[in-house]
Structures are given as C-alpha cells and as structure tokens.
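Reader: I'm new to protein models. Could you walk me through this one?

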Amino acid sequence: GAPLGVPTRGGIPLLTLSAEAECKGMLCMDFASKGAHAPMLCVGGNSPTLSLIDLVAQRVVVTADADGGTSGLKASRLMVCGGLNGDVQLRDPRSLHSQFRFSAHTGPVLALDVKGDLLVTCGMSLFRREYTLEPAIKVFDLRRAPRPLASLPFHLGPALLKYNPKFSSTLVVASTAGAFQHYDIGGLLAMPGVYTVNAGPLTAVDVSASGEMMCFGDADGGLYLWADRRPS
C-alpha cells in the first residue's frame with residue numbers, strides 16, 4: 001500500500017501518497033502550514049532527506065539534506081528539526097533552508113517540543129562508544145540565536161515530551177517504562193508527583209486541547225486515556 005495516507009476522522013481515506021523514496025523509514029511529521037488551499041506536511045526519518053509534501057497536489061514540492069536523518073519535527077515560527085546525530089536545526093517552513101543549527105545531544109534526539117520561544121529536548125549521549133539515555137530534559141531559548149537555558153533532571157529516563165496546551169509552560173515528561181511527571185518549564189522546575197501508566201513500553205504521548213486529558217500509546221498497540229478527574 002501507499003506509505004502515507006490521510007483519512008477523515010471517521011476513517012474514510014481522503015488521499016494516499018506514493019512517495020516511497022521520501023517516506024521510506026519515516027519517523028516524524030508535522031504541518032509546515034495548515035491553510036485550506038495549500039496544506040504542507042513536513043516528513044523525515046531514517047533518510048538523508050527532509051521532504052515537504054503538498055497535500056492538495058499530492059506531491060513532494062521541496063526536499064532538503066537532513067544530515068543523516070530526522071527523529072523529530074515541530075512547527076513553530078520556524079520548523080524545528082531534531083536529528084539522529086544529536087543536532088537541532090531551525091529551518092524556514094517554506095523552503096526548508098537551515099537558519100540555525102546547534103548541538104543538543106551527543107547521541108540521537110529522542111523527542112522535542114516547542115511553545116513560544118522555549119524548546120525542550122531529550123536524547124541520548126555517547127559514552128565509551130555506546131549510546132545511553134540522558135537522565136535530563138534540556139531547555140533552549142529560541143529568541144534571536146538559540147541558546148541553552150537549563151538541564152532539568154528526570155532520573156527515570158525521558159523519552160517522550162509534550163507541552164500542555166492549556167497552560168503557558170507546563171510540560172509532560174514520560175519514560176518508556178510508563179512513568180511520567182509534569183514540569184514548569186517557565187520556572188525551570190519539576191512539579192510534585194510521579195505517576196505511572198500500567199502499559200507496555202510507551203511510544204507516544206499527547207494532551208487534549210483542554211489540557212484535562214492525556215493519551216499514551218505503547219509498543220503493543222494499546223491506547224491509555226488519563227484524566228485529571230473521574231468521569232461524572
């Protein structure tokens with residue numbers, strides 16, 4: 001089948017895109033633009049290229065050198081790209097030209113998210129020729145030239161990151177083992193309480209627009225909904 005499909009919320013296919021070269025080994029995607037007339041999707045992964053796909057024309061319109069692969073994408077004022085080589089690049093969302101580049105980790109970037117001017121990443125470090133999980137979240141200020149702000153410890157091993165859209169700087173940090181905690185990135189501190197999702201190895205996390213519910217996905221194909229209050 002086609003490597004990339006776009007269905008309706010009810011599951012009816014809207015389009016399929018056969019771009020095997022661009023979508024091969026795909027690890028991440030995000031919308032570079034969401035306009036109704038020209039929605040653009042940026043995709044990357046275990047590929048030497050980063051691609052911009054016009055979903056109306058159903059074709060790849062821009063490609064760029066990904067310097068060994070892309071592990072995470074997040075659209076902001078610029079397209080933030082986390083690399084398998086540990087670098088983060090800020091690219092123009094229309095041309096994919098690199099505007100800024102800096103090293104975030106000595107191993108692959110595992111996850112990233114952006115809110116306002118605050119970028120957060122987690123990743124791996126190279127130690128004695130082996131990659132190990134870094135037990136901290138790194139925070140960067142993206143105003144003007146990007147600069148590091150802090151490294152916040154999460155000793156359970158951060159692998160998934162997601163800002164809560166309801167609050168200005170609240171971040172959900174989760175490990176693959178199912179532990180998660182909230183951080184106040186604006187205040188550069190961890191909030192009290194570590195919680196556990198009884199699931200297989202976690203592979204995904206997202207937060208509802210209301211900020212009241214979180215959804216976790218695991219390697220066994222399970223989805224787990226977490227709410228801040230019991231249903232009435």
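Reader: How much space lies in the second largest pocket?

Author: First, this is a predicted model, where local features need pLDDT of at least 70, side-chain atom pairs count only at pLDDT 80 or more, and totals for chains, interfaces and linings use all residues. Residues are numbered from 1 along each chain as its sequence is written, and side-chain values use heavy atoms, leaving out hydrogens and water. A pocket here is an open set of points on a 1 Å grid over the protein atoms alone, where a 1.4 Å probe fits, with protein on both sides within 12 Å along at least five of seven lines; lining residues have an atom within 4 Å of a point. Counting the space filled by probe spheres set on the points, the second largest pocket comes to about 220 Å³.

Reader: Which residues lie nearest its centre?

Author: The second largest pocket has 15 lining residues. Nearest its centre are N164, H182, G211, E212 and D228.

Reader: Is C122 buried or exposed?

Author: Buried means under 20% relative accessible area, exposed over 50%, and partly exposed in between (1.4 Å probe, protein chains only). C122 has 0% relative accessibility, so C122 counts as buried.

Reader: How many disulfides does a search of the whole structure find?

Author: C122 is in none, with the nearest cysteine sulfur, that of C28, 13 Å away. Across the whole structure, the number of disulfides found is 0.

Notes
A disulfide is a pair of cysteine sulfur atoms within 2.5 Å.
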